[in-house]
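Work through the exercises below with the structure at hand. Try each task before you read its solution.

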Amino acid sequence: FLYSDDMADACVFLLEHAETRFGHLFNDREPPLLNVGCGEDVTIAELVEHVKQAVGYAGATAWDASKPDGTPRKLLDISKLRALGWQPQVALDQGIALAYRDYLANAGQG
């Protein structure tokens, strides 16, 4: 999970740097791709706890054990982007809280 402002910041960061600055990160065996992410893995249970805290929900969480587990890991390797000097600025709990406040401020508009 990555806050949208961090995604935009990573895009601008890359656009402002000449390819010659980061061309050394690639070789002929792999495509010149960079992952943009937070570099931290989070389980759905951990995500639920972050959301509960942000919205002030103190109730229980019900899990449907009959459903498949889904993708075990969703972590992107952002080492190449970090090697260029970029890293996300908004932590997961902060991003969820900001998104929730924005939702409350704009609910019903649209």
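**Exercise 1: The largest pocket**

Helix H5 (residues 92-106) contributes four residues to the lining of the largest pocket, the most of any contributor. Keep in mind that this is a predicted model.

Task: Find the volume of the largest pocket, the residues closest to its centre and the classes of its lining residues.

Solution. 

Step 1. Start with the space. The largest pocket holds about 330 Å³.

Step 2. Look at the lining. It has 16 residues, and Phe1, Cys38, Val90, Ala91 and Leu92 are the closest to the centre of the pocket.

Step 3. Sort the lining by class. Eleven residues are nonpolar, two are polar and three are charged.

Rolling a probe the size of a water molecule over the atoms shows where empty space is left.

**Exercise 2: The salt bridge**

Task: Search the whole structure for salt bridges, and say where the partners lie.

Solution. 

Step 1. Count. The search of the whole structure gives one salt bridge.

Step 2. Name the partners. Lys52 pairs with Glu49, and their closest N and O atoms are 3.6 Å apart. The cut-off is 4 Å, so a salt bridge is counted.

Step 3. Recall the general rule. An α-helix has 3.6 residues a turn, so residues three or four places apart point the same way. Side chains of opposite charge can pair when their charged atoms come close.

Step 4. Is each partner buried or exposed, or in between? Lys52 has a relative accessible area of 14%, so it is buried. Glu49 has 45% relative accessibility, so it counts as partly exposed.

**Exercise 3: Helix H3 and its surroundings**

Task: Describe the span of H3, what follows the helix, and some C-alpha distances from its residues.

Solution. 

Step 1. Check the span. H3 has twelve residues. From first C-alpha to last it reaches 16 Å, close to the expected 16 Å at 1.5 Å a residue.

Step 2. Look just past the end. Gly56 follows H3, and its phi is positive, near 75°.

Step 3. Take Glu49 again. Its C-alpha is separated by 9.0 Å from that of Thr61, twelve residues apart along the chain. Thr61 sits in the loop between H3 and helix H4 (79-83). Thr61 is partly exposed, at 30% relative accessibility.

Step 4. Go further along the chain. Glu49 and Asp93 are 44 residues apart, and their C-alpha atoms are separated by 9.4 Å.

Step 5. Now take Gln53, which also lies in helix H3. Gln53 has a relative accessible area of 64%, so it is exposed. Gln53 and Val36 are 17 residues apart along the chain, with 26 Å between their C-alpha atoms.

**Exercise 4: The faces of helix H1**

Task: Which residues of H1 are buried, and which exposed residues lie on the face turned away from them?

Solution. 

Step 1. Size the helix. H1 (residues 4-15) has twelve residues. It reaches 17 Å from first C-alpha to last, close to the 16 Å expected at 1.5 Å a residue.

Step 2. List the buried residues. In H1 these are Asp6, Ala10, Phe13 and Leu14.

Step 3. Look down the axis. The buried residues of H1 fall within an arc of 90°, so they line one face of the helix.

Step 4. Turn to the face away from the buried side. There H1 carries the exposed residues Ser4 and Leu15.

How values were computed: Residues numbered from 1 in each chain as written. Predicted model: local features only at pLDDT ≥ 70, side-chain atom pairs only at ≥ 80, totals over all residues. Heavy atoms only, no water. Salt bridge = Lys/Arg side-chain N within 4 Å of Asp/Glu carboxyl O. Helix = DSSP H or I, 4+ residues; strand = E, 2+ residues; numbered from the N terminus. Buried < 20%, exposed > 50% of the residue type's maximum accessible area, 1.4 Å probe, protein only. Expected span 1.5 Å × (residues − 1). 1 Å grid on protein atoms, 1.4 Å probe; cavity = no way out; pocket = protein on both sides within 12 Å on 5 of 7 lines; lining within 4 Å. Points joined across faces, edges and corners; volume = space filled by probe spheres on them. Nonpolar A, V, L, I, M, F, W, Y, C, P; charged D, E, K, R; others polar. Arc of directions from axis to C-beta.
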